[in-house]
Amino acid sequence: MVSSFAAMVGDVNIYMNDLDNLELAEVEIMIAEPKSRGKGLAKDAVLMMMAYAVENFGIHVFRAKIGESNGASLRLFQKLGFEDISYSEIFKEVTLELPVENAKREELLVLTANVVRHP
């Protein structure tokens with residue numbers, strides 16, 4: 001007998017809520033399960049979600065807002081190419097952005113090539 005078990009370890013979200021810029025999306029990730037952190041799951045999930053948003057919604061700029069004390073998330077987004085654009089003293093939060101130029105777009109779309117799609 002073969003059995004398998006899958007558990008949710010967190011979530012990744014894309015918000016497209018800037019009515020003045022329909023090509024901008026905010027991305028966020030949370031790996032809630034501590035034993036699942038540091039394994040590359042957040043990176044893979046963010047990249048796949050970004051690829052989906054580029055391919056299906058024409059997103060050209062991604063934004064992330066991260067608390068200054070969340071060093072792991074800040075490092076993750078910086079490794080992905082996001083750059084600091086502002087800091088909120090009130091919220092103690094860094095805002096980062098990543099424009100999706102042609103090379104980055106192609107890189108993201110390659111990620112979706114092997115994804116199983118359901119009709």
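How many bridges join E1 to strand E2, and do the two run parallel or antiparallel? The count is 6 bridges, and E1 and strand E2 (residues 24-31) run antiparallel. Keep in mind that this is a predicted model.

Let's stay with that pairing for a moment. Tyr15 has its bridge partner in E2, namely Glu26. Zooming out, E1 and E2 belong to an open sheet of 5 strands with mixed pairing, and the order reads E1-E2-E3-E5-E4. Strand E1 (10-15) sits at one edge and strand E4 (83-88) is the other edge strand, each pairing on one side only. From one strand to the next, the twist averages 25°.

Now for the aromatics. A pair of rings is described by the distance of the centres and the angle of the planes. There are 2 aromatic pairs here, and the table puts them side by side.

| Pair | Centre to centre | Angle between planes | Geometry |
|---|---|---|---|
| Tyr52 and Phe57 | 5.8 Å | 70° | edge-to-face |
| Phe77 and Phe82 | 5.0 Å | 90° | edge-to-face |

Why does the Tyr52 and Phe57 pair count as edge-to-face? Its planes stand at 70°, and planes over 60 degrees apart get that label.

What about burial? Tyr52 has 43% relative accessibility, so it counts as partly exposed. Phe57 comes in at 45% relative accessibility and is therefore partly exposed too. With Phe77 and Phe82, on the other hand, both residues are buried.

Definitions and conventions
Residues numbered from 1 in each chain as written. Predicted model: local features only at pLDDT ≥ 70, side-chain atom pairs only at ≥ 80, totals over all residues. Heavy atoms only, no water. Phe/Tyr/Trp six-rings, centres within 6.5 Å; stacked < 30°, edge-to-face > 60°. Buried < 20%, exposed > 50% of the residue type's maximum accessible area, 1.4 Å probe, protein only. Pairing = 2+ DSSP bridges. Helix = DSSP H or I, 4+ residues; strand = E, 2+ residues; numbered from the N terminus. Axes fitted to C-alpha atoms, helices over the stretch in contact; angles between N-to-C directions.
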